[in-house]
Amino acid sequence: MIPVREKLACITLDMEADHGDHQTRVRLLENPEFYERYIAIVNQYAVKVTMFTVTSLFEDFGQKFKELSKRIPLELAPHSHRHDPYRACSPEEIAAAKEAFLKHVGTAPLGYRAPIGRIDKEGLAHLMDYGYRYDASLYPSMRPGEFGYFNLHMPNVPFRIMRGEAELIEFPFTSISTVRIVFGLSYVKLLGWRLYSLLLDIFGLPDVVVSLSHPYDFYTHLTADGLSGAEKFALLRNAPHGFDYFEKMIVALKKRGYQFLFLSELYQRTQNRTSLKTIRWENWR
Ligand SMILES: [Zn+2]
């Protein structure tokens, strides 16, 4: 008998203030049209959403998060406390995020996502020290610029990081195999669905997928005033197609036989897998 490959997908939403905007607004939650459209797509395909939430937003948006959790299958996890790219994984941010999460959600967070992929060796150590069990911050791809990275040597599938006896599972942002283009809404918009879906067909995805989206990916044309240059150009590509492309990404996963689950469930299903590659923390680079 041929063993059936288990295909698992987590749809993640990084809940943060709209990018490029000077006010702390999240139009996905505030605009009824966007809000309902998001809910409709998630429910139509029985998707489970893991929402990495900037924990300082609990003060203003805590009630909205509660309302959203009554409308869709929703799990929360911290996305730093203040979304400061210069302190993305500092001990203060990691501790403050844990404290705020405990206060508002009532349980200790299982995992963490650093702002804009800014996780490093020290940050991973802090996460272990504060009792986090997984991290979901690594882009196994490359990007130029001040906040750029070059991570093509990193796995495109979950792996274990060990420091002494302590361990953490890393869930990288899944990228299209070989070409390492992130399976994220902003990347789909940048390339356009025709090209993106062609690359998906040719190169495929790994059996475990952790996707990426932000509220502003759904309506970048409304928030890009504060941006400039190449970033503005990139973010405005296909801006009105945010919802359509989000739906196409979900359909693409369904068609390929993925089942949707929360990241905590993915963690439970993968943490003991002997097939996970282990990277010693000392060797992280
Ligand atoms: Zn973010």
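The model is predicted, so local features need pLDDT of at least 70, side-chain atom pairs count only at pLDDT 80 or more, and totals for chains, interfaces and linings use all residues. Residues are numbered from 1 along each chain as its sequence is written.

**Overall build**

Let's start with the whole chain. Its secondary structure comes to 10 helices and 12 strands, where helices (H or I, at least four residues) and strands (E, at least two) are DSSP runs numbered from the N terminus. The radius of gyration, taken over C-alpha atoms, is 18 Å, close to the 19 Å that the globule rule gives for 285 residues, so the chain is as compact as a globular protein of that length. That rule is 2.2 Å times the number of residues to the power 0.38. Buried residues, those with 20 or more other C-beta atoms within 10 Å of their own, the C-beta atoms being placed from the backbone, make up 40% of the chain.

Leaving aside residues up to four places away in sequence, Phe171 touches Tyr134, Ala136, Pro158, Val210, Leu263 and Leu266; contact means C-beta atoms, placed from the backbone, within 7 Å.

**Helix α4**

Next comes α4 (residues 91-105). At 1.5 Å a residue, its 15 residues should span 21 Å, and its end C-alpha atoms are 21 Å apart, which agrees; the expected span is 1.5 Å times one less than the number of residues. Its buried residues are Glu93, Ile94, Ala97, Lys98, Ala100 and Phe101. They pack against these elements:

| Element packed against α4 | Residues |
|---|---|
| α3 | 58-71 |
| β3 | 74-78 |
| β4 | 111-112 |
| α5 | 121-129 |

After α4 comes Gly106, with a positive phi near 95°.

**The five-stranded sheet**

β4 also belongs to an open sheet of five strands, ordered β4-β5-β9-β8-β12 with mixed pairing; strands pair if DSSP finds at least two bridges between them. β4 and β12 (277-280) stand at the edges with a single partner strand each, so one side of each is left without a neighbour in the sheet. β4 pairs with β5 (residues 134-135) in the parallel sense over two bridges, and Tyr112 has Asp135 in β5 as its bridge partner.

Methods:
A residue is buried if 20 or more other C-beta atoms lie within 10 Å of its own, exposed if 12 or fewer, and partly exposed in between; C-beta atoms are placed from the backbone. Two residues are in contact if their C-beta atoms, placed from the backbone, lie within 7 Å.
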